[in-house]
Amino acid sequence: MNETYSQFNCGQLKAMLDQSSFAMDDVLLFLDTHPCDQAALAYYQSVSRMRRDALAAYQTNCGPVMVDGVNSANGYWNWIQGPWPWEGGR
Amino acid sequence: MWRYEKRLQHPVNITTPNPRLAQFIASQYGGPDGEIAASMRYLSQRYAMPYDIGKAVLTDIGTEELAHMEMIASIIHQLTRGLTAEQIAASGLGPYYIDHTNGIWPQAAGGIPFNACEFQSKGDPITDLYEDLAAEQKARTTYDNILRVVKDPEVCDPIRFLREREIVHFQRFGEALRDVQDHLDSRNFYALNPAFDNPAKAGEAAEGAKTC
């Protein structure tokens, strides 16, 4: 995990995850139709790194996002623990 | 939020086209007990589910059904690949070909288009889970019916995989239903809607337990 992320709280990490993920959603579509665009490829690399770091920090400290990122160290499958995305609150 | 994985859940590699078989199997794409109806049913039902186990099961099975929809579409695609119009017309798939060429479009084996009336989202978690249990059994029966008329092992293999997943989903939905029933208030003997009319009171303490 990228150490610089340890200074952020869960609300901040969630915002960073949402923003880097949306940047990924958007650059992905652009690259689908511009697969040789070098500036977009460089932007993809930085967005990809930001999402990876934010995701790792969030899943370690705040809760699972992806099904292969569940921290089960306390012996509990907290994937099922609310609040769920459609309930608001995180 | 969803993100695509560029792979099938279980491989589909069919080398011999068979348009007649494609027409049968297409029902598991857009038919009454097909994978689209399954995914839309479970993902829509989540919002009325009051308990975490049920929310997780509906989310995760609804997600897996999207992957099954992709497998079925891949089977149909490979069964109709590289055929001439004459071969398709002779197979009985002619009317489908006229409307969709070799494209994938959701319909039942008999040609009825997919529509949302093929599933319910009743806003009652007990009612919904009974429908889900029935849906998994109906899909398993359909796969049994398909396997009786399929002889090509390259087609049987992914169909057998999908059939086995129906059985696993039936088990998990049964466990989710038992969890909902465990939450019922003792006064709600006739299992009226615990999401609306009779929210559990006695059972709520159990929902707070987050460790093993």
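Colleague: How do helix 3 and helix 4 of chain B run relative to each other, parallel or antiparallel?
Modeller: Roughly antiparallel. This is a predicted model, mind. The axes of helix 3 (residues 35-45) and helix 4 (residues 52-79) of chain B cross at roughly 160°.

Colleague: How close do the axes come?
Modeller: Within 8 Å.

Colleague: And which hand is the crossing, left or right?
Modeller: Left-handed, as helix 3 of chain B passes helix 4 of chain B.

Colleague: Which residues make the contact?
Modeller: From helix 3 of chain B: Glu35(B), Ile36(B), Ala38(B), Ser39(B), Tyr42(B), Leu43(B) and Gln45(B). Helix 4 of chain B answers with Leu58(B), Ile61(B), Gly62(B), Glu65(B), Leu66(B), His68(B), Met69(B) and Ile72(B).

Colleague: How do they divide into nonpolar, polar and charged?
Modeller: Nine are nonpolar, four polar and two charged.

Colleague: Let's move to the core. How many residues are in the largest nonpolar one?
Modeller: There are 39. Ala22(B), Ile25(B), Tyr29(B), Ile72(B), Ile75(B) and Ile76(B) have the most contacts inside this core.

Colleague: Which helices supply at least two residues each?
Modeller: In chain B, helix 1 (19-25), helix 3, helix 4, helix 7 (125-149) and helix 8 (153-182) each do. Helix 4 of chain B gives the most, with eleven residues.

Colleague: What other core lies apart from that one?
Modeller: One of five residues. Leu17(A), Ala54(A), Ala57(A) and Tyr58(A) are among them.

Colleague: Now the whole of chain B. How many helices and strands?
Modeller: Nine helices and zero strands.

Colleague: What does the C-alpha trace span?
Modeller: About 65 × 35 × 35 Å along the principal axes of chain B.

Colleague: And how much of chain B is buried?
Modeller: Buried residues make up 37% of its 212 residues.

Colleague: What share of the contacts joins residues at least 24 apart?
Modeller: In chain B, 73%, counting contacts between residues at least 6 apart in sequence.

Colleague: Last topic, chain A against chain B. How many residues does the contact take from each?
Modeller: Ten from chain A and eight from chain B.

Colleague: What is the make-up of the chain A side?
Modeller: Five nonpolar, five polar and no charged residues on the side that touches chain B.

Definitions and conventions:
Residues are numbered from 1 along each chain as its sequence is written. Chains are lettered from A and ligands numbered from 1 in the order in which they are written. This is a predicted model: local features need pLDDT of at least 70, side-chain atom pairs count only at pLDDT 80 or more; totals for chains, interfaces and linings use all residues. Axes are lines fitted to C-alpha atoms, for helices over the stretch in contact, and angles run from 0 to 180 degrees between N-to-C directions. Helices (H or I, at least four residues) and strands (E, at least two) are DSSP runs, numbered from the N terminus. Angles under 35 degrees count as roughly parallel, over 145 as roughly antiparallel, 65 to 115 as roughly perpendicular and the rest as oblique. A crossing is left-handed if the near helix is turned anticlockwise from the far one by less than a right angle, and right-handed if clockwise. Two residues are in contact if their C-beta atoms, placed from the backbone, lie within 7 Å. Ala, Val, Leu, Ile, Met, Phe, Trp, Tyr, Cys and Pro count as nonpolar, Asp, Glu, Lys and Arg as charged, and the others, Gly among them, as polar. A nonpolar core is a set of buried Ala, Val, Leu, Ile, Met, Phe, Trp, Tyr and Cys residues joined through C-beta atoms within 7 Å. A residue is buried if 20 or more other C-beta atoms lie within 10 Å of its own, exposed if 12 or fewer, and partly exposed in between; C-beta atoms are placed from the backbone.
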